[in-house]
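I opened this entry to record what I looked up in the structure. I took helix packing to begin with, then the domains and a sheet.

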Amino acid sequence: MSGVVLAALLLILIVASLYLFVAKPYWFPVLASVHGGSIDSLFSTVLVVSGIVFIIVQGMLGFFVARYGQSGNERASYWHDNPKAEAILLISTAVILTILVFMGQRVWASIYFVDAPADALVIQVTGEQFSWNFHYPGPDGAFGRTDPKMITSANNIGLDRSDPPAKDDIVTVGEMHVLAGRPVKVRIRSKDVIHSFFLPNLRVKQDAVPGMAIEVWFTPNRPGAYEIACAELCGLAHYRMRGFLTIDDSQENFNKWLQQKAAEQ
Amino acid sequence: MHEPHTAEHAHPQLGFWRKYVFSTDHKIIGIQYMITAMAMAVVGGTLSMLMRYQLAWPSLLSPTMAKIMPDAFAGGVMKPEFYVSLVTMHGTIMVFFLFTAVLTGGFGNFLIPLQVGARDMAFPFLNALSYWVFLLSCIVIFSALFVEGGAPLGGWTAYAPLNAIPAAGPGQGTGMTLWITAIALFSVSGLMGGLNYITTILTLRTKGMSMMRLPLTQWSLLVTSILGLLAFPVLLAAGILLLFDRVGGTSFFVPAGIIMNQVPLMDHSGGHPLLWQHLFWFFGHPEVYIVILPAMGMASDILSTFCRKPIFSYRMMVYSMVAIAALSFIVWGHHMFVSGMNPFLGSVFTLTTLLIAVPSAIKTFNWIGTVWGARIRFTVPALFAIAFVSLFVSGGISGIFLGTSAADIQLQDTYFVVAHFHLVMAIAPLFAAFGGVYYWFPKIFGRSMNMTLGKIHFWVSFIGVYSVFFPMHILGIGGQMRRIYDPTQYDFLKPQQPLNEFITVAAFILGAAQLIFLFNFYWSIFLGKRMTERNPWHATTLEWTVPSPPGHGNFGDELPTVHRWPFDYSVPGEKEDFIPQTVPATVVAH
């Protein structure tokens with residue numbers, strides 16, 4: 001009896017996971033970047049492979065517990081080794097996993113081992129408890145000098161406005177604009193503790209580590225308004241270290257925002 | 001039935017305190033570990049219930065909670081700093097003070113001498129000392145909940161600089177210092193225990209108990225203890241360095257130029273935050289296996305006993321454990337794919353991580369092979385052992401997504417990770433431990449637990465854990481970050497809130513089912529059915545040949561002689577469907 005109930009529960013588990021992972025009542029946030037497509041399809045590939053294994057293994061376990069309950073004085077089979085079957089399982093597992101490693105590494109390499117295009121928009125991102133600061137170089141394309149000693153509550157990143165390249169720099173708090181189709185390179189820093197710069201829709205996540213400037217790049221491709229989150233526990237208000245990302249649909253709209261922000265500096 | 005007490009007579013009768021409190025008997029120490037770890041589990045579990053309450057109804061006003069905990073629920077809503085301290089303390093208590101302690105300290109202590117055929121541990125005094133230092137570490141970590149500023153809020157992984165700088169948040173002062181102290185004490189206790197377990201298994205095996213005749217529980221405890229002996233010193237050293245950074249003005253993990261709340265931190269320079277992560281995870285990943293390996297060993301032995309069938313491929317079970325242990329030291333970087341570590345290392349750690357999946361898969365195949373053609377007795381321990389296999393598979397498979405570095409970019413630090421590690425290294429081991437308690441309880445206390453309550457406990461728990469932890473994968477795919485106090489702050493997470501509510505209701509039911517277990521456990525110690533049989537499950541290993549509970553010195557006048565491996569179930573041509581290890585070889589030899 002217990003065996004049949006356990007088997008039924010394992011069957012429900014298989015059906016429920018099929019519903020969750022195939023019908024997808026909840027799924028990834030809407031995709032808005034080029035490389036995110038390859039991450040999502042890698043996820044789907046791993047899902048198919050591991051899903052098959054999951055169903056076979058849970059299914060076999062369920063079938064066996066339903067089938068091989070004790071009855072009367074019947075004895076269990078006495079066998080405990082099968083080197084050939086073991087070798088086949090070992091080798092096929094290793095082969096499947098190796099294939100997955102290489103498929104995964106192709107995507108990984110395309111993200112990390114390829115330099116950002118020269119025309120990429122560079123934005124310096126600085127995390128602090130509990131907000132994100134964005135530093136745009138302005139029309140001259142050069143970032144002004146920053147100095148920790150100049151940090152005040154009005155100058156979060158300590159930008160030295162007397163430095164000539166800093167004159168046209170734009171600094172915003174919690175607000176980031178990029179242009180659809182134009183690659184973006186973010187240079188991520190932290191002022192205090194470790195944060196993690198997370199763009200859920202763009203499949204971008206990179207820790208912000210104090211003492212390091214870490215660069216990642218991506219190409220946004222779906223105009224719209226999105227959220228920025230912190231993914232690394234950074235203190236009591238980690239949960240509301242939220243920012244806003246706008247992917248502008250045209251150069252005009254993007255420029256308009258830049259001009260508006262420049263006027264506010 | 002008359003039980004021989006010759007061994008007991010050889011020793012002077014000890015008073016209550018020497019016999020049950022300041023004992024050097026491995027069985028008493030095992031019980032002490034078990035009961036202390038269970039008390040810590042009650043604390044850790046209660047914290048998780050508070051977390052689930054907050055995650056489901058983040059802004060619900062609760063005047064009741066405000067009355068019970070006026071500080072934490074000022075104004076009727078939980079404070080965010082209280083929530084993150086719950087996260088930290090829940091993780092710390094469960095990983096160290098429940099799982100590490102109960103599996104090696106509890107079951108390890110009770111079972112090692114009994115299953116290898118020894119009268120006690122190699123170093124009984126060191127063994128007792130290990131327990132008392134463990135108890136001290138429990139008291140220290142528990143006290144962190146009540147100090148000024150509250151418990152630390154930096155997570156059980158204690159990343160620097162958040163946990164290196166007292167000004168980084170409430171709880172990061174005294175609370176964090178107590179955390180480090182407790183972990184250091186725990187490491188020392190673990191080292192004393194581990195040294196003992198290794199020495200006992202290697203040197204005190206009785207006549208005929210060759211390594212390849214050890215029950216898998218013993219192999220798992222041996223491998224785990226070696227892992228602990230190599231991993232805990234790294235944590236201990238890292239913890240001491242972190243303490244120096246906090247109180248001694250050193251900069252191992254703190255770089256120059258930190259500005260905390262607009263105030264520059266002038267007295268630090270030259271440290272690196274990633275150094276902490278490398279040290280922590282160099283310990284932390286083997287720690288995962290320190291928890292899961294004994295669970296695998298116990299589940300294997302219990303499974304075989306109730307399948308009435310030998311474990312499938314004993315040799316591969318042993319080799320895969322050794323392989324897992326060796327590989328566990330070269331996979332730590334998969335916790336750090338997006339940490340800022342060189343992406344080339346990400347490739348290397350992906351390879352090693354998927355490599356370690358191979359021996360884990362082998363073990364799974366072997367459990368399935370054990371059930372195949374069995375004649376299963378669906379006792380409570382059997383149900384827990386079978387469920388262990390299902391849970392280990394469910395939790396293990398999601399590891400393939402996370403181990404694939406490119407897929408991990410999106411999943412890192414989301415509930416997908418929470419789902420993965422809870423199933424594979426918390427819930428699966430928990431089920432193995434429950435199976436172990438129901439299985440060995442008659443031997444430990446001489447009484448049986450109530451099996452009707454046991455079955456209720458099992459069914460509610462099995463449905464409960466899947467309802468709680470399986471949907472967390474979906475939350476993580478949707479992007480919900482770990483350790484956040486209020487998911488509804490984000491528009492992209494709001495549609496998933498019904499899932500959070502579902503999980504919380506399931507968690508409350510799951511938590512309530514554990515009360516049944518606690519009641520059953522304590523009631524049965526004093527009032528459970530007395531065991532007259534030495535071997536109620538018809539098992540083969542040595543502990544079932546002695547009285548329940550075993551007397552001081554375990555084995556009467558003469559130590560047993562072992563003639564066969566521990567898996568002779570349903571040997572064709574034999575009268576009984578099990579042959580204890582002490583029975584000389586007649587028909588089938590091993």
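I call a crossing left-handed if the near helix is turned anticlockwise from the far one by less than a right angle, and right-handed if clockwise. I note that the model is a predicted one.

Entry: a helix pair in chain B. I looked up helix α3 (residues 26–56) of chain B and helix α16 (residues 497–527) of chain B, whose axes come within 8 Å and cross at roughly 155 degrees. Angles over 145 degrees count as roughly antiparallel, and α3(B) and α16(B) are therefore roughly antiparallel to each other. I recorded the crossing of α3(B) and α16(B) as left-handed. From α3(B), the contact draws on residues including B:Gly45, B:Met49 and B:Arg52, and from α16(B) on residues including B:Glu501, B:Ile503 and B:Phe508. I sorted the residues of this contact into seven nonpolar, five polar and two charged.

Entry: domains of chain A. I found chain A divided into domain 1 (2–67 + 84–112) and domain 2 (121–264). Their C-alpha centres lie 37 Å apart. Domain 1 of chain A gives nine residues to the contact, and domain 2 of chain A gives 13 residues. On the domain 1 side I noted six nonpolar residues, three polar and no charged.

Entry: a sheet in chain A. I traced an open sheet of five strands with mixed pairing, in the order β3-β2-β1-β5-β8. Its edge strands are β3 (170–173) and β8 (214–218) of chain A, each pairing on one side only. Within the sheet, strand β1 (residues 121–128) of chain A runs antiparallel to strand β2 (residues 131–136) of chain A, and five bridges join them. I noted A:Val125 standing opposite A:Phe134 in β2(A).

Notes:
Residues numbered from 1 in each chain as written. Chains lettered and ligands numbered in written order. Predicted model: local features only at pLDDT ≥ 70, side-chain atom pairs only at ≥ 80, totals over all residues. Pairing = 2+ DSSP bridges. Helix = DSSP H or I, 4+ residues; strand = E, 2+ residues; numbered from the N terminus. Domains from an automatic or database assignment. Contact = placed C-beta atoms within 7 Å. Nonpolar A, V, L, I, M, F, W, Y, C, P; charged D, E, K, R; others polar. Axes fitted to C-alpha atoms, helices over the stretch in contact; angles between N-to-C directions. Parallel < 35°, antiparallel > 145°, perpendicular 65-115°, else oblique.
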